[in-house]
Amino acid sequence: MAKIYDLLVKDVRFREGLTACMNCGICTASCPAAEFYDYDPRKICNLVQSKDEEKIVALLKSDTIWYCGQCMSCKTRCPRGNAPALVISVLRKLSQELGYFTESEKGRQQYAINRTIGENIVNIGYCVTVEKIVPKMHPEQGPVWDWYYQNAEEVVDRLGGNYMKEGPGALRIIPKESIDEIQKIFEVTGGTKLSNTIEHFSEDKANELEIPFNSAIEGNDYFNHVFTENSNQHQK
Amino acid sequence: MSGKKIIIIGGGPAGLEAASHLARQNYQVTILEKESETGGHIKNDMTLFPDFADAQEVRKGLSDRANHPNIELKTGICINELVQEGNQWRIKSDNNEAITGDAVLLATGFEPFDARRKEELGYGIYNNIITSVDFETKLKEGKILTTEGNIPQRIAFLNCVGSRDEKTGNNYCSRVCCVNGVKLAISFKELYPAAEAYFFYIDMRMNGQQYEELYRTSQEKYGVTYIRGRISEAAATFDHKIQLKSEDTLAGLPLKLTVDMLVLLVGIESSKSTRLLAGQNNIRGNYGFAESLGVNRNDYQTTKEGLFLAGTCKRPLSFQETIADAGAAAIQIMDYLEKVK
Amino acid sequence: MKDWGYKISIPRIIDLDRSDTSLYKQLVSKVPSAMKCIMCGACSATCTASNHTTFSFRHCHILFKRGQYSRLSDELDKCMLCGKCNLVCTQGVNTRAVISTMRLILSDMNNRNIAL
Amino acid sequence: MNFDPLVIPFLAGTFFLLIVISVKYFNWIHKLDANQVAAIRKNIFSIHTIKAINEIFHESLLHRKIYRKNRLLGYMHMSLAFGWFLMIVVGKIESLFYYGSFYDRPWLGIFFKYFARTPHHYFMIIPFSFIMDLLLLVTLSGVVLAIFKRIRSRSLGIKKTTNHILLDRIALTSLWWIFPLRLLAESTTAQLTGNGSFLTGTVGMLMAHLPVEHIELPLWWAYSICIGVFFIAMPFSRYMHIPTEIVLILLRNWGAREGEQHSGYTDIQLNTCSRCGICIDACPLDFAAQINTVQPVYFIRDTRYNHLTQEVADNCLLCGRCVEACPVGLELTAIRQQVRQKAETPGKHYFEYNKARENTKKVDIVYFAGCMSHLTPSIIISMKEIFKQAGISYWFMDEEKGLCCGRPLRQQGYLQQSKELVLKNTQLIHSSGAKMLVTSCPICYHSFKEEYSLDIPVMHHSEYIDMLMNEKKLDLAPSDLEMVYHDPCELGRNCGMYDSPRHVLNKIGHLTPVESEKEKSLCCGGSISNMAIEYDVQSKIRNNALEVLTASQPDVLVTACPLCKKTFGQNGKVKVMDIAEIVAGNIKNRFPQII
Amino acid sequence: MGMEIKKQYWNEYQKEIAQDDYFYERSCIRQTFFPGSEATFLNILRDELGKKIVDDPKIHTCTGIGYHSDIVPFDTTMTICARLFSLMNGAGLKNYVPSCVTSFGIFNEVLDTWKHYPEELEKTRVNLRKATGREFEVPDNIAHPSDIIYNFRKQLKLKMKYQLVNRKTGKPLKVVEHIGCHYSKIFAEKSIGGAEFPHVLAGMIEEWGGEVVDYPERRHCCGFGFRNYLVMANRGYSVANSKKKFESMKPYKPDFILTNCPGCAMFMDRWQYTIAEMEGTTYDENGKGIPVLTYEEMTGMLLGYNPWDIGMQVHQVQTESILDKIGIDYNPQDKYVGVSGMFLGEPEKPTNLVV
């Protein structure tokens, strides 16, 4: 197997994201995740630039890389022009490709995201729509959302939308032609492959953990497990 | 012996020191200073590191030595052209006065980094965020007070402002900010022993005699708290304090601190006139500093015969280094003038 | 009461506006050489305990200095007091005394149920 | 007439003393720990008791130990203790002769001259009063010396005397006054009744011109009061050592020893300290670093009166020089360690994290370098070489991922944690299947010997090398090296190993003896037992020791402890080597030499 | 204080913004949570400013959320963007206007990558061709709708019926602006005013009579953090970051929060509700919370549009307080009426948050 580090360097975002780090910690200082998680972008950059295979593998299997919120504040401030958040994206990509992501609680969540956002994108051409924000799964959306959710078409259309109908406007149905092209693009560019990879490793993990797993979301215990599991061990 | 004439551009420490050496060897020296007074940046200083020597006393010593029959001093004169004609050098000033000489010493010094270029640090936008230069001025006035007129109970010094920073285009280390910052922190604690002083740094580069000791004294005797980490942003709080965010990279944890005053230890940049004159003579090096034949080959001569360099027009130097540098440059000039007939 | 499925996270940041660093003054009064520490980490490098764990004198020291006591007690217990750190310390910090004193101060706080 | 109110102070004092002492002793005996009781039960009716009595006579009365150390000081103590003791005994016999009855009033002996005013009706008066005067003279000479010692201690070979508490001063003064007053009182009586001898008689005559009949009674009162005051003060002052030492000597001979916890035996030891202050001069902290408030005399006192500070408890090198010097042989180090004890979480496993690995191959010995040796790699290299040359197969137990021996924790009072390490190491050593354990660190060595109960012998490498040489497994080439040897505290005083290293070194080069070596050897200052002092103080102690060690300008200062080597090495003024290095460098038919 | 310096920054960070002929890309989140805002923006451009802007039904997500939660590879995202560009080319336009700040960031990132790594551009062309047979050209200009409104703020002011002024006191309303990290933090030079003192919203507020409130955590992320919201178990992080901002802005007593990014608008609204319900805390005096508006809503409101037509009723933190302060008259009966003119009933009342 190729050296992990070489795999990282293959990705332009990695080359863009990390030249020599001087360990000043400015990224961590401006990082929202560092404040609430046992997370330190500086340490990650330092670890990665150490090229220590063993350590990098451990990192890919850890919760650590999944804490980042991708706000990119680190990129703005780094005095060496690095972008730790980009490095994270590449680490995550690798963790998924190598199936390491299922080793950590936060990593396993990729399954849930893939089953929601991932499927939305290729099936309806939206990341989210009203009907996908099910109040049960989004208690914080509050009563106004419940009202909105129940009267979606009435409200959306009053607000100039075109709720799940042909033609332009907010929340219209995205034409089949577009959907087909999206799906083709996903196949050609590895999007589908990644999705399947996540699916595949997650199923293995589910079996390993002996948690029932099925292709639907409803009544899929593994989905609920990764969607809600929180060890609360994410702060030191 | 010789009536050879040397023009020194810049009446700062380097210029004055070189001039006094040359004058004593019976060379005719003309010092051109853009400001109304000589002394350069130490005019603004209260003390000099690492021994807290009285800056104004030192400055007086310099100008006294440069007060010599062979030295002609022209102040308030701004150069906008420097050209070589044969083995003569001609200088045109903004009032079109032309001055010629056999050799020219570029001693055009440096400019402190303009802290406004680090937006996230809020200099000029929020009250009570000042630079080391402002701080030194306040020291000279004898008191450090917040805009609200109070004694700061908590002060923070931030190192490497405009140095070691790709975002400002300055990848180099300004070399003096560390020790100067320590000096300022000590001076502050001398004034207000009860107040707390914090010092944010990446590395403490105590690369000079007595520097490291000064650093240690500031910890042991004055209780300055050093935090290894770079401040990512400064913001004013509702009660007119400054909120700072950094990582304590030694603890590996993000750190928040609210202070009454933030001092930015600004780095050293090439001065406008250095950039201009070095540019005109194709000796403009990195970051707009003037380029010698090489730090190891000959750090005083340039590719232009008769055009010499001294002091911080070349790169960041401490005061004492500048003085030594100027002396060496003077000798090189004499050698040169001996050779050319 | 509504089931949210999560709790609002608590910051883990070192908040020097809140955290109480007075214990460090106590430490320094007992072991003055603590102030000489330049956090070079030579102690951690030679440490017998860190042969086995991530225990680090340097790290414990900085956490204590910054008032991060809650993270500390268990770490300190890992020290074997073997004294190698004392010998390698270039600054003459009485490292074992620092460790031991930190332990005593903290256990004293616990005994008096002072929340750390 | 054989009663007079003037005996009341004396009687009051005596009864008070007897009551207090018996109460105290009852408590202490009651508080003895199991081992001590067992030991006593075992030995109380045995030859040990005779030995004890003999020792009591020699030490409590004659103060032989002190005498051996310093004649004048010895004489002072003896004259006071033994002199007074005899005066009481002889006085009793005298009164017995005079009144013919043994069970006569107890005070008559003490105030004999006062009551026995009609001397001429019995013939023994001359010899008796002669003896009594002689004894009084002897005792007085002791008093004079004592006073002189207070003023000019150096003349009695003592550099520093103890700073005493008020109670001690009262007791001391009253004690000093007893004998002069007795002289004066007896002299006046002698002048009036003629029952004096060469001393009292003469002094009496000198007082002839005074109104002796008026001053006689007040003098006897003063005498009685002084005794009374002294007796009342005694149980609370340093003078409690007079009776308590006797108890201690008995218990010690019966095999009682200090335990891990404070016990009645500890109290007895605390009360046996006479605060003579001999330990002050023995303590390097005093003579090398001018720290003179923490020595055993003060430490014991503060512990006894329950105002011990952590500073005093912690500030000790545990070098053992004081133990060696103490005239009453107190177990000072043991008591130090008791008071240093820290609270620990019962049942907690502190070092679960340890990854120490077991031995896999078959070996002759286990080699345990010790943490400190890892900072002096030359020692380890040398030992490996020695093993190689001697053809010994070994398991390097702490080559990496080793554990500490546990002594440092123990010294600082973390017993539970120390034991945890001891257990783990013991298990590793036993599982190794080796025949012997060799260590390069005297600290570990002491620990293995005292705190471990291993089923294989333990040797320090100096001892081990000596053995290899005797077994002809190692042949050393003589050289013309001028060497001095420093006895590490833990190896020398604390484990009694003085000869092996010297024996080895003498094979290699010329070993010059140094002042204060062996039992008296100085601490290098690096002691891990003292966490209270910082580097500057350590350096003072180190430099002071180096002065003494390098007086003969040797080529090399040899020691047998990585810590001593490192500590001395830091000074850099002399070449310091471990015995193992010297040996490895001088093994025959080997080159190049390390030196 | 410091105004002149801020101005200096703003002048440094001025970008070129196309004057007309835009290709509009809708935002998943905007459409879902604030469809009215997008409609309002289109109306403003078309009716108020008479600009041409195409709303092509064929457009679709840029995959941004999927990309930043790492279930969509960069190659895929680049190619999806490429398709959107080719749709723009198809409409014969050169000026791309992504409604979503995440998209805005994605497009800038993609273009920047193509600039520095031409091979990536080539790869994308090949991919798109292979998948769809399409070709594409990169746009001349990418601007966020907020950039455009900022750009025309002076013209719009002339048409405005109201100002950001408290009618009773005559004082300007205090407005907290939240820029949305991906608008300026990835490529400061692609924003107006830069990452530290962005001017895009501040400019509108000041121009229209309001007062911008600066506060310590102004630059802090709203806490969305993609996967940190998408997965329920992680939401504690998301809400905690918003909370940090609210606590920091509270002492300044802002009249409302103005947001640039669809996500931020929703989160800063919903998290106030959540915190109120979980901990009973609100960040204003009367327990109602600080209203949150999108810049489109604010513009529409000042232009005198019916607040219930631009979607001010779909906020959980009620927005009437702003209308009252400015003195905009509105019909409460109309608030919960659907497109059919039918009354849809009222949402339930929260336990703690006052509505």
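User: Which residues of helix 3 (residues 132-141) of chain B are buried?

Analyst: In this predicted model, the buried positions of helix 3 in chain B are B:Ser132, B:Phe135, B:Glu136 and B:Leu139. Viewed down the axis of helix 3 of chain B, the buried residues fall within an arc of 100 degrees, so they line one face of the helix.

User: What covers the buried residues of helix 3 of chain B?

Analyst: The cover includes, from chain B, strand 3 (47-48), strand 11 (129-131), strand 12 (154-161) and strand 18 (261-266), together with helix 4 (177-191). Just after helix 3 of chain B comes B:Gly142, which takes a positive phi of about 95 degrees.

User: Turning to interfaces, how is their size given?

Analyst: The size of an interface is often given as the accessible area lost when the parts come together. Here chain A and chain E bury about 7,600 Å² between them, with 60% of it on carbon and sulfur atoms. On the side of chain A, the residues A:Trp147, A:Arg158 and A:Leu159 supply 11% of the area buried against chain E, more than any other three residues.

User: How many salt bridges and residue pairs in polar contact are there between chain A and chain E?

Analyst: There are 10 salt bridges between chain A and chain E, including one that A:Arg158 forms with E:Asp334, where the closest N and O atoms are 2.8 Å apart. The count of residue pairs in polar contact, both at pLDDT 80 or more, is 54. Helix 13 (residues 176-189) of chain A gives the largest share of the side that touches chain E, 9 residues, and by class that side of chain A divides into 42 nonpolar, 26 polar and 18 charged residues.

User: How would the reading go for chain B and chain E?

Analyst: In this interface, 17 residues of chain B are in contact with 20 residues of chain E, and the two chains bury about 1,600 Å² between them, 51% of it on carbon and sulfur atoms. The residues of chain B that lose the most area to chain E are B:Glu119, B:Ile125 and B:Phe238, together 40% of what that side buries. Across the interface of chain B and chain E there is 1 salt bridge; E:Glu217 forms a salt bridge with B:Lys245, the closest N and O atoms being 2.7 Å apart.

User: Which elements give two or more residues to the side of chain B that touches chain E?

Analyst: They are strand 15 (233-236) and strand 16 (242-248) of chain B, and strand 15 provides the largest share, 4 residues.

Methods: Residues are numbered from 1 along each chain as its sequence is written. Chains are lettered from A and ligands numbered from 1 in the order in which they are written. This is a predicted model: local features need pLDDT of at least 70, side-chain atom pairs count only at pLDDT 80 or more; totals for chains, interfaces and linings use all residues. Side-chain values use heavy atoms; hydrogens and water are left out. Buried area is the accessible area (1.4 Å probe) that two parts lose on being put together, summed over both. A salt bridge is a side-chain nitrogen of Lys or Arg within 4 Å of a carboxyl oxygen of Asp or Glu. A polar contact is a pair of N or O atoms within 3.5 Å; within protein, one must be able to donate a hydrogen and the other to accept it, and residues adjacent in sequence count only if both atoms are side-chain atoms. Ala, Val, Leu, Ile, Met, Phe, Trp, Tyr, Cys and Pro count as nonpolar, Asp, Glu, Lys and Arg as charged, and the others, Gly among them, as polar. Buried means under 20% relative accessible area, exposed over 50%, partly exposed in between (1.4 Å probe, protein chains only). The arc is that of the directions from the helix axis to the C-beta atoms. Contact means heavy atoms within 4.5 Å.
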